[in-house]
Amino acid sequence: MERRFAYESLLSGSGKVLLHVALIGIGLVYIFPFFWMLGTAFKTPSEFFTRGINPLPVGEWQWQNFRETWVRANFSQYFLNTTILAVSVTVLVVLLTAMAAYALTRLDVPFAPVIMGMIVLTFFLPSGIFNIIPIFDMVNNLGLLNSLGAVILVLTAGGMVFNTLLFYGYMRTMPKEIEEAAVIDGATVHQRFRHVIIPMSGPMIATVALFTFMNAWNDFFASLVFTLSRPELRTLAVGMYAFVGDASREWTLLCAGATISILPIILVYVFLQEKFTEAFAGAVKS
């Protein structure tokens with residue numbers, strides 16, 4: 001009780017103001033590199049060296065940096081490839097993990113606890129370069145090598161475990177009364193999943209979609225390995241890496257390219273922020 005009163009007194013009056021000031025300061029430290037990158041994308045090459053850490057250009061804003069980067073780095077093709085990849089992986093992961101969690105929580109699946117235990121055990125398996133050889137061999141045997149389909153398959157499989165656990169924990173807290181009423185009305189399993197579970201899982205769907213989209217959009221390793229022989233299939237992450245080698249000293253163009261690569265992630269987060277916050281609030285409450 002004494003600790004609680006001490007904590008409440010700390011958050012009252014001047015203590016609350018100081019806490020907010022400290023949090024704002026920490027937030028500015030974290031967000032400043034992004035604003036510096038964004039401002040540098042509008043500078044001239046000379047201003048990059050003369051302005052230092054000041055993110056704002058002095059003269060006219062150089063919008064042509066984005067146009068030149070877009071053309072020179074072939075970002076139009078890379079942007080299209082990345083969009084197809086990220087959207088496909090997001091849709092597949094959300095759909096498959098929601099279906100798996102629904103089956104394990106609401107249907108009489110034999111050995112469901114054993115299946116969940118095996119899913120949890122996969123967290124302890126090595127990833128990255130440790131399992132790339134068997135995955136590469138599998139993709140090659142399927143005839144998908146050097147295609148976006150290979151990257152979509154690999155990233156979808158990689159996102160199944162964690163997101164299934166997220167949906168599993170969320171669906172366990174959902175009330176069963178509405179679904180039981182749908183059963184009385186004669187709804188089938190597919191109808192209950194589509195018309196009852198999916199609408200009630202909106203916050204978790206947004207959360208899984210956000211995380212999956214970010215991971216797929218920023219993926220570098222799988223996109224590089226499985227499209228190595230076809231440069232036209234590069235994603236923005238791989239294309240940006242190649243552009244760094246081609247324009248290693250043109251820092252304003254590199255900042256423009258990095259801005260182009262990161263802006264879609266920010267827009268997706270802004271669009272899904274409300275649902276994302278709602279999902280975390282529900283998880284804390286439960």
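Q: In this predicted model, is Arg230 buried, partly exposed or exposed?
A: Arg230 has a relative accessible area of 34%. Buried means under 20% and exposed means over 50%. The value lies in between, so Arg230 is partly exposed.

Q: Which residue meets Arg230 in a salt bridge, and at what N to O distance?
A: Look at the side chain of Arg230. It pairs with the side chain of Glu232. At 37% relative accessibility, Glu232 counts as partly exposed. The N to O distance in this salt bridge is 2.9 Å.

Q: Which helices does the salt bridge of Glu179 and Arg106 link?
A: The two side chains meet at 2.6 Å, N to O. The residues are 73 apart and lie in distant parts of the chain. Arg106 sits in helix 5 (residues 75-106), and Glu179 sits in helix 10 (residues 177-184). The pair links helix 5 and helix 10.

Q: Where does Arg192, another salt-bridge partner of Glu179, lie?
A: The side chains of Glu179 and Arg192 meet at 3.3 Å, N to O. The two residues are 13 apart, with Glu179 in helix 10. Arg192 lies in helix 11 (residues 189-200).

Q: Is Arg192 buried or exposed?
A: The cut-off for buried is under 20% relative accessible area. Glu179, at 8%, is buried. Arg192 has 11% relative accessibility, so Arg192 also counts as buried.

Note on methods. Residues are numbered from 1 along each chain as its sequence is written. This is a predicted model: local features need pLDDT of at least 70, side-chain atom pairs count only at pLDDT 80 or more; totals for chains, interfaces and linings use all residues. Side-chain values use heavy atoms; hydrogens and water are left out. A salt bridge is a side-chain nitrogen of Lys or Arg within 4 Å of a carboxyl oxygen of Asp or Glu. Helices (H or I, at least four residues) and strands (E, at least two) are DSSP runs, numbered from the N terminus. Buried means under 20% relative accessible area, exposed over 50%, partly exposed in between (1.4 Å probe, protein chains only).
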